[in-house]
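I opened my notebook beside the model and jotted down what I looked up, one stop at a time. Here are the entries.

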Amino acid sequence: MNILQKTGMIGLGTALVLGLAVTSVPKDAAAGWEPRKPVEFVIMAGKGGGADKMARLMQTVIAKKKFASKPFTPINKPGGSGAEALVYLKQKTGDNHVIMVTLNSFYTTPLRQPGLGIDISTFTPIGRMAEDTFLLWVHSDTSIMNVGDFVKAAKAKGNKWIMAGTGKASEDNLLTDFLNKAYGLKMTYVPYKGGGKVAKELAGKNADSTVNNPSEQLGFYEAGKTRPLAAFTPTRLPLFKDAPTFKELGKDFVYFMQRSVVGAPGMSGEAAAYYQGVFKKVYDSAEWQKYMKKKSLQGDFLTGDALKAYWKNEKTIHRAMLKKMGEIK
Amino acid sequence: MDIFNLLMDGFAVAFLPLNLMLIVLGCTVGLFIGAMPGLGSVNGVAIVLPMTFLVPPASAIIFLAALYYGAMYGGAISSIMLGIPGASTAVATVFDGRPMAMKGLADKALVGAATASFVGGTISVVLFTLFAPPLAEVALTFGAPEEFALMLLAFATFIGLGGDDISKTFFSIFIGLVFSAVGLDIVSGQPRLIFMDIPGFFHGINFLVLAIGIYGIGEMLWVMETSQGKVMVSQATVTVKRVMNSLREVVHAYKPMVMGSFLGYFVGILPAAGATPGSLMAYGVAKSIAKDPDSFGTGNLEGVVAPESANNAASTGSMLPMLTLGIPGSPTTAILLGGMVIWGLEPGPMLFVNHKEFVWGLIASLYAANLFALILNIAFIPAFIWVLKLPFTILAPIIFILCMIGGYAPTQDMHDVWLMLIFGVMAYLMRKLDYPMAPAVLAIVLGPLAEASLRQSLIISHGSFDIFFTRWASGTIAVIAIILLVLPVLKMLKTRLIDNNVSKKPG
Amino acid sequence: MRWAELVMAIVMAIFSLYLMVKSAELPIGWITGEGPGGGAFPFWLAAGMLACCIWTIVSWFRKTNPFSRSDEPYMDKATLKLFLIGAGSLTAMVGLFHIIGVYATLPLFLIFYMRVLGGHSWTLTGAFAAITPVVTFLFFEITLNITLPKGYSEPLFYPLYDFFY
């Protein structure tokens, strides 16, 4: 009785599935590889952060413009500065339905935690969507107008000068370390959770300076609460024309945050080509271009071997920086 | 009266036929999403976000706000009916809501929760309307020391929530705090407590995993034992007359409701605090000002209305730092923030200046959503009561399934489902020995906030504790917290001494 | 109850020790000018757990705790049976998620509870077993965009995805 019923049920289920299969013949089976199920869109950071906002914008553009036949479902895996996400992708080696949004912890986390056994050169390059920029910020109530004033003020306060940033050995910490070394400062670095929180600490005068991305500090800047002093970019940013670059000031230092999409290692060539196509379309969309302009994002679309070469170069730079900081040997 | 006119314009938008329809739809969907353990307003808002590009931004916001409020109401339903807090904001509602449902007073608890939510929402919207910009300035100056002082206060207000066995109560607090430390240490940037190097621990132990494990699985195993597999609640009934009577009784509990609303709103405003500490503190305060504090935890209506009014007031409050500072006070507002960016609205200090109609449209729709959520919630009470009357062998597997899928949904990691199962079984075994579970759940919510703010403060002060007392705001809060922490200990010592004297006399 | 109290306290004491060892992987002391190290918070709290366990064990030996005097069994036979059914069926369900997926597991779980334990009619059981996976699929996968584990049953769902998207 029991078994009979069960087989009956399973039979019913199979019939249902088959019935659906017949009614829905894949639309363009000849047009190359297509995802068979919703694509897992892993985000290497927490909800509400810069990477998360960007991933959700990409997802929305893909859905709205119907760039893909199946939905992209975002999943946040912020654990261990991205270690969790990297290990997850490694476990999914050969899976054609897992892609990830990455930032610079893509380089630093495997370097700092060699035990994870992550080799980023095995990951499938899909597309670099943008490079985020960094500026040095102070509160606008201070009389600090340029980097010279900043150095004077910070020197006078010694280690009582508070620099807020997003976590130890993060991008912000690397930049703070650079400033300390380049100008002989002793700023105290205080790690907070998330760039938005950091921006608020400066606006609320709980910190003396920050090295936020424009997207994080823009609201306070427009409200006249904070002031950019200099940019870590090769040329001046159109949004902040009055802020010189550190290069102009004689310190040859340029630093970017990558905003890239990678696929699981060992993804098939057809699938990689498919995702590269999708994200190229996203990059070229009016929505993405508008967003880049508004948030002062830089960088062209990079893919394939060019992206791999970019990663290799960035990894070398980050290794050197972490070594200088004493974070790795 | 400029603000008043702006609010009226907002209402005019909210009550257009299309928007009204969206409000009803949003509230209904939100109510059900919120009532599912594991799913809350975060999921609802995140899912609907991509769909909102089909309608104009104003309608999209209204839909999202309705969903948000519906889910906030729904969280209380799961707390009362199933004893499982659907979200951390609804933990405090379990303490008295669950015992009320077990006594057959589920309808009263539900009416109380709905009414309190409405009162909390109303008071907070009025406060928002009147004081938004100056409060945003205050919120901005809150730094790490103030945050830590606030956490201290939150711990102090619910220190009395444990059981009789002090060693077991402290054990529960400590284990919750240790579990909250699993994952990443943000100050040193190092992973920590990665048990057996399982990558699933990198993201830490989610509050929901512990809460669903304890209140869902552990509780169901416990009910199975006590009822020996018969029915859960036999005497659940609902009639119009009973609802009216309940309403009358709820109105009498206006004191904790008003207190909860104000407290919730002000705690909610502070960035990073959010609705959870607000509702816990409201529960603690309601207990300490009540005439019969001992009846708390056994099904006191005041214990339901205080946290419920506070969490709704706080969710309106947490909109303030999101809109004015661009800092999300809760995960839900974080997603809303993302949505606003996509619509081309930049949250931050300029939003109130550049996009007035958006801000007030949002506030007005929150308010309208609040009203409809109240009506819908009361209308659905018979359906919820009917669910309680289902035989145990139907209700139990459905609750188990909800727990399992609800535990999986937030992180989409089977690791969390296994962890939840282990927590559930352990919670059951420990509960039989009178280990209290609530302190652990509260500790895992507040632990990360407390530790990070403490260590950030100490880095700023180079290791000196003076920082908590030299700043006026943190100093004031810290002193109140310390007084509250010391009082029960003194009281306990006093009763001990008297007890000892009494028991020694005959001997 | 008497022995269960002692065993639980000892097990938890061992667990606390493990937590302390694990926390000590990061600095647990006071770092000058910085405050407590990364492992300090969990280490000292785990030490607190250990202290609580020792307290419980001491009161067990002094018999000042109600459980230390209780002769009642921790679980009688009927309770043990219920516990094993409850915990066992849940473990089986989660295990099957990995192998045959959520949608094939749910009907089996419902049949077990409703028919085998509850003795409900096949009509009712069948209705629940058939409707629950369908509702779950429509709600989670289609509406909420949350993909649930499917194990080896995954290819069966490709046509469904093609149909819905």
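Predicted model: local features only at pLDDT ≥ 70, side-chain atom pairs only at ≥ 80, totals over all residues.

For my labels, residues are numbered from 1 along each chain as its sequence is written, while chains are lettered from A and ligands numbered from 1 in the order in which they are written. Helices (H or I, at least four residues) and strands (E, at least two) are DSSP runs numbered from the N terminus.

Next I checked how covered the helix is: eight of the nine residues of α7(A) are buried. I use "buried" for 20 or more other C-beta atoms within 10 Å of a residue's own, "exposed" for 12 or fewer and "partly exposed" in between, with C-beta atoms placed from the backbone. Among the buried ones I noted V198(A), K200(A), E201(A) and L202(A).

**D208(A).** I found D208(A) in the loop between α7 (195–203) and β8 (209–210) of chain A. Why does D208(A) count as buried? It counts as buried because it has 22 C-beta neighbours inside 10 Å. Leaving aside neighbours within four places in sequence, D208(A) is in contact with V138(A), W161(A), I162(A) and M163(A); contact is C-beta atoms, placed from the backbone, within 7 Å. W161(A) is 47 residues away along the chain, yet the two C-alpha atoms are separated by 6.2 Å.

**Chain A overall.** I then stepped back and noted eleven helices and ten strands in chain A. Of its 329 residues, 51% count as buried. Among contacts in chain A with a separation of 6 or more, 75% join residues 24 or more positions apart.

**The five-stranded sheet.** I traced an open sheet of chain A in the order β2-β1-β3-β10-β4, with mixed pairing. Its edge strands are β2 (72–76) and β4 (124–132), each pairing on one side only. The twist averages 20° from one strand to the next. I count strands as paired if DSSP finds at least two bridges between them. β4(A) pairs with β10 (residues 257–263) of chain A in the antiparallel sense, over seven bridges, and A130(A) has R259(A) as its bridge partner in β10(A). Helix α11 (residues 304–325) of chain A packs on the sheet, touching β4 and β10, and its direction makes about 65° with that of β4(A). Axes here are lines fitted to C-alpha atoms, for helices over the stretch in contact, and angles run from 0 to 180 degrees between N-to-C directions.

**Where chain B meets its partners.** I looked at chain B against chain C, a contact that takes 50 residues from chain B and 54 residues from chain C. On the chain B side, α18(B) gives the most, with nine residues. By class, that side has 33 nonpolar, ten polar and seven charged residues. I took Ala, Val, Leu, Ile, Met, Phe, Trp, Tyr, Cys and Pro as nonpolar, Asp, Glu, Lys and Arg as charged, and the others, Gly among them, as polar.

Chain B against chain A takes 42 residues from chain B and 42 residues from chain A. There α15(B) gives the most to the chain B side, with seven residues.

Methods:
Contact = placed C-beta atoms within 7 Å.
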